[in-house]
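Q: I am new to this structure and would like to know where its labels come from. Could you take me through a few of them?

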Amino acid sequence: MVNLIGTYECKADSKGRLMVPAALKKQLLPLLQDGFVIKRSVFEPCLELYPMEEWNVMMAKVNKLNRFRKKNNDFIRRFTAGVKTVEVDANGRLLIPKDLLGFAGITKEIVLNSAINIVEIWDKDKYETAIEDATGDFADLAEEVMGQDEEDGIS
């Protein structure tokens, strides 16, 4: 299982390419040969970059859904809308497809945020707004999510 660490700022060029920061590239090195899947986030105006291994784990879960239930079919269609495979090129750059750049509102300044096993790709201004908006509620959220004695909490 992948366990990525760090938040990194970088820039996209006019073609939508970004140079993967060296510290993140070093963490991704064992995964580079298999490539990645990039998709729209479900909850936020950002993109999610899945190492292929992690994407395959996610797809195994999704594949268990009964496709003869309309809501499952609708979910699968929306979850996989705009999904693309991408690779880091020999120069260490990642090309973000134009339609996904538009979805996330990415222009030039980018934040790459490790989210355990995936990388979130944000427009810098939107990322900073999302972090600021969540600040007031974070203590309550942390208590609710992490402070439980149940299986889905850590304590």
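A: Gladly! Let us begin with one helix: phenylalanine 75 and phenylalanine 79 are four residues apart in helix α3 (residues 70–79), so about one helical turn separates them. Helices (H or I, at least four residues) and strands (E, at least two) are DSSP runs, numbered from the N terminus. This is a predicted model, in which local features need pLDDT of at least 70 and side-chain atom pairs count only at pLDDT 80 or more, while totals for chains, interfaces and linings use all residues. Residues are numbered from 1 along each chain as its sequence is written, and side-chain values use heavy atoms, with hydrogens and water left out.

Q: Why is phenylalanine 75 called partly exposed?
A: Buried means under 20% relative accessible area, exposed means over 50%, and partly exposed is in between (1.4 Å probe, protein chains only). Phenylalanine 75 has 38% relative accessibility, so it counts as partly exposed.

Q: Is phenylalanine 79 buried or exposed, and how do you know?
A: Its relative accessibility is 8%, so phenylalanine 79 counts as buried.

Q: What lies over the face of phenylalanine 79?
A: Lysine 39 does, at 4.2 Å from the ring centre. A charge sits over a ring if NZ of Lys or CZ of Arg is within 6 Å of the ring centre and within 35 degrees of the ring normal.

Q: How are the rings of tryptophan 122 and tyrosine 127 arranged, and why?
A: Their centres are 5.7 Å apart and their planes are at 70 degrees, so this pair is edge-to-face. Tryptophan 122, at 4% relative accessibility, counts as buried, and tyrosine 127 is buried too, with 15%.

Q: How do the axes of α2 and α3 cross?
A: The axes of helix α2 (residues 52–62) and α3 come within 12 Å and cross at roughly 160 degrees. That makes α2 roughly antiparallel to α3, a term for angles over 145 degrees, with under 35 counting as roughly parallel, 65 to 115 as roughly perpendicular and the rest as oblique. Axes are lines fitted to C-alpha atoms, for helices over the stretch in contact, and angles run from 0 to 180 degrees between N-to-C directions.

Q: Which residues meet where α2 and α3 are in contact?
A: From α2 come Trp55, Met58, Met59 and Val62, and they meet Phe75, Ile76 and Phe79 in α3. Contact means heavy atoms within 4.5 Å.

Q: Why does isoleucine 116 count as exposed?
A: Its relative accessibility is 55%, so isoleucine 116 counts as exposed. This residue is in the loop between β7 (109–115) and β8 (118–123), and its phi is near 65 degrees, a positive value in a residue other than glycine.

Q: Is alanine 12 buried or exposed?
A: Alanine 12 is buried, with a relative accessible area of 4%. Its place is in the loop between β1 (7–11) and β2 (17–19). Leaving aside neighbours within four places in sequence, alanine 12 is in contact with Arg17, Thr107, Lys108 and Ile110.

Terms used:
Rings of Phe, Tyr and Trp (its six-membered ring) pair if their centres lie within 6.5 Å; planes under 30 degrees apart count as stacked, over 60 as edge-to-face and the rest as tilted.
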